[in-house]
Every structure is written in structure tokens, then in C-alpha cells.
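Please work through each task before reading its solution.

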Amino acid sequence: MAETVIKTEKLGFSYDEDGKKVPVLHDVDLEIERGSFTCILGHNGSGKSTLAKLLSLVLSPSSGKVVLFGKNTDGITEDEAYELRRRVGMVFQNPDNQLVATVVEEDVAFGPENLGIEPSEIRKRVDDALELVGMSEYKKHSPHRLSGGQKQRVAIAGIIALDPDVIIFDESTAMLDPIGRAEVMETIKKLAARGTTVILITHYMEEAAEADRAVVLDDGRITADGKPEDVFSMTETIEKAGLEIPQVTRLLKALKSDGINVDTRALTPQGAAEAIKCALGGRK
Ligand code: ADP
């Protein structure tokens, strides 16, 4: 069995607002295996970012626990927390807030330099990371001149250069145009395919469809957890969580309720076409 890299047990969190506790996460039990590609789906305010901040030790639980790489993070020293934070990388929504240098390669090198890594090793990490995100040819450019998708890929390279075990993408495509979104999704898929443990936080169903597992967060509670195709067919749960049922799923469900015995789990138009063909007994 694959190693569990992240585990939460009855995790709860409340923000303190004017001395009043406002609970936003309740009894979250989640296990993430090494090498898996999980998406966390939820509408605005459902607690996704708060969960990401707890998993990357930016926040501490109000109740329950966060176990990273087998280590309970409750009461760990600042040095231990520092090392664990490096192992769980975060990519945020706004690329502009994540870029620090005036030259792309310097920006990517910034993190490893802060870790005190050897210059020759930094060179290798920066080159490999830029290659992976498809930004090598821009290494001498100024990040500020790049498109949103390119900036976000440079930010991702900066995280890859830290060599984390897990990367959490917190709505990392939300501020991008469709081309930028597609570029960043390609990069995320590439990372997942090469074995990085990926947690993708999103409210876009088509992005969630790319993951191996979809976890639905509704008002701070997990209400569904499974393969995206299975989770998407839980229409009521999805709608209750304020998420949009993908069009493909709606079409297949409509056919089914009209008496056509079709498998409703396809996520792409091609998959739906196959399922419909199959349901119609291979008729053209
Ligand atoms: P999501 O990422 O799903 O949009 P968040 O985790 O950002 O959700 O927010 C969950 C809830 O917590 C929301 O109701 C939000 O208003 C509230 N919240 C988030 N950050 C803070 C904060 N720093 N102080 C008080 N309330 C917050």
C-alpha cells in the first residue's frame, strides 16, 4: 500500500472574529497517499483555503489533528515545522504575489537559495524546474512581462525547485484567462503523471475531472469522496454543495431518466458518446 503522506483526524478550525469563534471546518477526516492526484471541490467560503493552510502548517487546528509524513504536527518545534512546510509546497491564486525577483531564473532560485543549497545543485534544480513547466526559453526574461499563465508556471517552477513531496494548488487557475488555465492544468497533470502528490483545490468541475479522486467540501464538511465520475453522478450532493454539475453528466442523466439505460459516469464528450453508443446497442 502507498504511504499516507497527509492525514487529518477530526480536524476542526474556527476563526476568531471580534472575540467570537466562527467555525469553518468540522471533523475533517482525510488521507492522502503518496503519488495520488486529489482534487478538493467546494464553492466559495466552503473552507478549502483554510484546509490548505492547515495542511501546510500556516494555521494550527482548533480541534483534531494534522499528521504529515507520519508525524503528528501538534506541539512540534519551529525547526520541525519549517522542514515540514518545505515538504508541502503551495501555489496560490495570484501569480503576481508569488514572484519576487526581476529575472525568471532568479525567481525560481530564490527558494532553494534560502534553504542554503549548493549553487551547482541550485542551477540544476532551476533548469529542471523551468524545463518541466515549459518556461526554459524565458529564463532570462522579466517575470512581470509574462502572461498570467506563464507567471503562474514560473511560480510553480519555484515550488518544484524546493523539491516538495506534496504540492497544493489553491485555486491556482482562478485568475487566469482560458489559455493560461489550460497551460497551468497541463503543468499540473504533468507533475501528477511524474509522481508528485498533487492536491488541486478548485470549483471548476472540468479541472476536478482530471484528478484521480474528488473530495467535496460543503460548509466545512466532507460530503463526498471518490472517483470524480462517481462523485459527479451524486447530483444532489453536488448541487447542495453549490457546485455545477458538468454538462456531460447532465446530458447522460437526462437520457437515463428518459429510459435509456446509459452509464452516467463519463466525464468527457468522447466518453459520453461511447456510453450512449453502448446504451443504444452499438447503433450508429
Ligand atoms: P474557500 O477557500 O472555500 O473559499 P475559505 O477557507 O477561504 O473558503 O473560507 C471559509 C470561511 O472562513 C469563509 O466563510 C470565510 O469568510 C471565512 N474566513 C476565511 N479567512 C478568514 C479570516 N482570516 N478571518 C475570519 N474569517 C475567515
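The model is predicted: local features require pLDDT of at least 70, side-chain atom pairs count only at pLDDT 80 or more, and totals for chains, interfaces and linings use all residues. Residues are numbered from 1 along each chain as its sequence is written, and side-chain values use heavy atoms, with hydrogens and water left out.

**Exercise 1.** Determine which element gives the most to the shell around the ligand.

Solution. Collect the residues with a heavy atom within 4 Å of the ligand; among them are Y15, E17, G45, K48 and T50. Next, assign them to helices (DSSP H or I, at least four residues) and strands (E, at least two), numbered from the N terminus. β1 (4-17) and α1 (48-55) each supply at least two shell residues. The largest contribution, three residues, is that of α1.

**Exercise 2.** Identify polar contacts of the ligand, that is, pairs of N or O atoms within 3.5 Å.

Solution. Begin with the ligand oxygen atoms: a polar side-chain atom of T50 is 2.5 Å from one oxygen atom, and a backbone N or O atom of G45 is 2.7 Å from an oxygen atom. Then take nitrogen: a side-chain N or O atom of Y15 lies 3.4 Å from a ligand nitrogen atom.

**Exercise 3.** Classify the one aromatic pair found in the whole structure.

Solution. Rings of Phe, Tyr and Trp (its six-membered ring) pair if their centres lie within 6.5 Å; planes under 30 degrees apart are stacked, over 60 edge-to-face, and the rest tilted. The centres of F13 and Y15 are 4.9 Å apart and the planes meet at 80 degrees, so the pair is edge-to-face.

Definitions and conventions: Polar contact = N/O pair within 3.5 Å; in protein donor to acceptor, adjacent residues only side chain to side chain.
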